Amino acid sequence: LSKAIDDGPNPSFVLIPVDSKNFGQERALSSDDARHRFVGNAIFAGPTSGNYLLRDYLLSFIVTLESPHRFTKFAGFDANGDIFGVNDRVGLDGRNTFVGDSLRTVDVRLSRAFQLREKLRMEFIAEAFNLLNKVNVRFFNTVYGDSVFHPEGQPLIDPLLGPIPTFKEGALNPAFGTPRSIFNPRQLQFAVRFTF
C-alpha cells in the first residue's frame, strides 16, 4: 500500500509546468503512483527418492498484481500559444487524471533434475512468463485532440466540414486512450543445465 504525490515529471513527455510561476498547481498523484502492489511466490518440491517417474521435480510461481498508474490528458497542440505544445492539457483538467489499467501476471517454472554421475547433474527447465497472456498496458495514448472536453459520442458540427465524430471521453483523436506500449505477451523458455 503506497501513495506517491509529486509536481512532475511525466513519463510521456518532458514536463514543463503550465504556469512556471506556480509549481503548486502541478501537484498531483505521481505517474509512478501504484497504490497497491502484491508479489507472491511459492515453490513446490517433489520427493528426492522413491518412484523414478515422480521424483526430483520443482514447481514455482510468481504472481504480480498492481494498481493502475496515472497519466495526463494532453491537448496535442499549442493550445495556449506559448510555442510549446506538448504540455498543454485539456480544459482545466489536472495532471495525471487519466487512470490506466491494472497489471496482472503469472510466471511459472517447472524443472526436473537427473543425477547422471556422482558429480554430474542435468536439469531440464521450462518457464512461462505472463502465463495467462494478459494484455498489460505500460503507456496509453493520452493526446485528446482538442483543448476542451466534448460530450462523449456526440458529433461536433464544423461550419465547413459538417459533423465531426468524438471518441472515448469525447476525444477528437480516435487513438486517445488506446495502448501506446504494452508489456511482453506470454513467453516460453526452455533450458538444460549441467552441474559438474
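With a relative accessibility of 28%, E169 counts as partly exposed (a label for values between buried, under 20% relative accessible area, and exposed, over 50%, with a 1.4 Å probe and protein chains only). The model is a predicted one, in which local features need pLDDT of at least 70 and side-chain atom pairs count only at pLDDT 80 or more, while totals for chains, interfaces and linings use all residues. Residues are numbered from 1 along each chain as its sequence is written, and side-chain values use heavy atoms, leaving out hydrogens and water.

Let's stay with E169 for a moment. This residue sits in the loop between strand 11 (162–164) and strand 12; strands here are DSSP runs of E with at least two residues, numbered from the N terminus. Its phi is positive, about 60 degrees, although E169 is not a glycine. N133 also has a positive phi, near 55 degrees, and is likewise a residue other than glycine. You will find N133 in the loop between strand 8 and strand 9, and its 35% relative accessibility makes it partly exposed.

E169 also brings us to the charged side chains. Together with K73 and D93, E169 belongs to a network of salt bridges, a salt bridge being a side-chain nitrogen of Lys or Arg within 4 Å of a carboxyl oxygen of Asp or Glu. Side chains of opposite charge can pair when their charged atoms come close. How many salt bridges does the count come to by this rule? The count is 8.

One of these pairs joins R193 to E123, with the closest N and O atoms 2.6 Å apart. R193 lies in strand 13 and E123 in strand 8, so this pair ties together parts that are 70 residues apart in sequence. R193 is partly exposed at 43% relative accessibility, whereas E123 is buried at 11%. Another bridge links the side chains of D33 and R35, at 3.4 Å from N to O. Here D33 is buried, with a relative accessible area of 2%, and R35 is partly exposed at 26%. The side chains of D56 and R55 meet at 3.7 Å, N to O; D56 is partly exposed with a relative accessible area of 23%, and R55 is partly exposed too, at 24%.

Now for the nonpolar side of the surface. L116, F124, V192, F194 and F196 make a nonpolar patch of about 560 Å². Patch members have over 30% relative accessible area and no salt bridge; nonpolar side chains (Val, Leu, Ile, Met, Phe, Trp, Tyr) are joined within 5 Å and like charges within 9 Å, with accessible areas from the Shrake-Rupley method and a 1.4 Å probe. L116 lies in the loop between strand 7 (103–115) and strand 8 (121–129), and its relative accessibility of 44% counts as partly exposed.

L92, in the loop between strand 5 (70–71) and strand 6 (98–99), is exposed, with a relative accessible area of 90%. From L92 to P165 is 73 residues in sequence and 22 Å in space, C-alpha to C-alpha. R186 is in the loop between strand 12 (179–182) and strand 13 (187–195) and is partly exposed, at 41%. R186 and N80 are separated by 106 residues in sequence and by 44 Å in space, C-alpha to C-alpha.

We finish with the pockets. On a 1 Å grid over the protein atoms alone, a pocket is an open set of points where a 1.4 Å probe fits, with protein on both sides within 12 Å along at least five of seven lines; lining residues have an atom within 4 Å of a point. A volume is the space filled by probe spheres set on the points, which are joined across faces, edges and corners.

The largest pocket has a volume of about 230 Å³. Of its 17 lining residues, E66, H69, F71, R138 and F183 lie nearest the centre. Which strand gives the largest share of this lining? Strand 9 (residues 137–140) does, with 4 residues. The lining has 7 nonpolar, 6 polar and 4 charged residues (Ala, Val, Leu, Ile, Met, Phe, Trp, Tyr, Cys and Pro count as nonpolar, Asp, Glu, Lys and Arg as charged, and the others, Gly among them, as polar).

The second largest pocket holds about 200 Å³ of space. Its lining includes T64, L103, D107, F183 and Q187. Strand 7 supplies the largest share, 3 residues, and by class this lining has 4 nonpolar, 6 polar and 1 charged residues.
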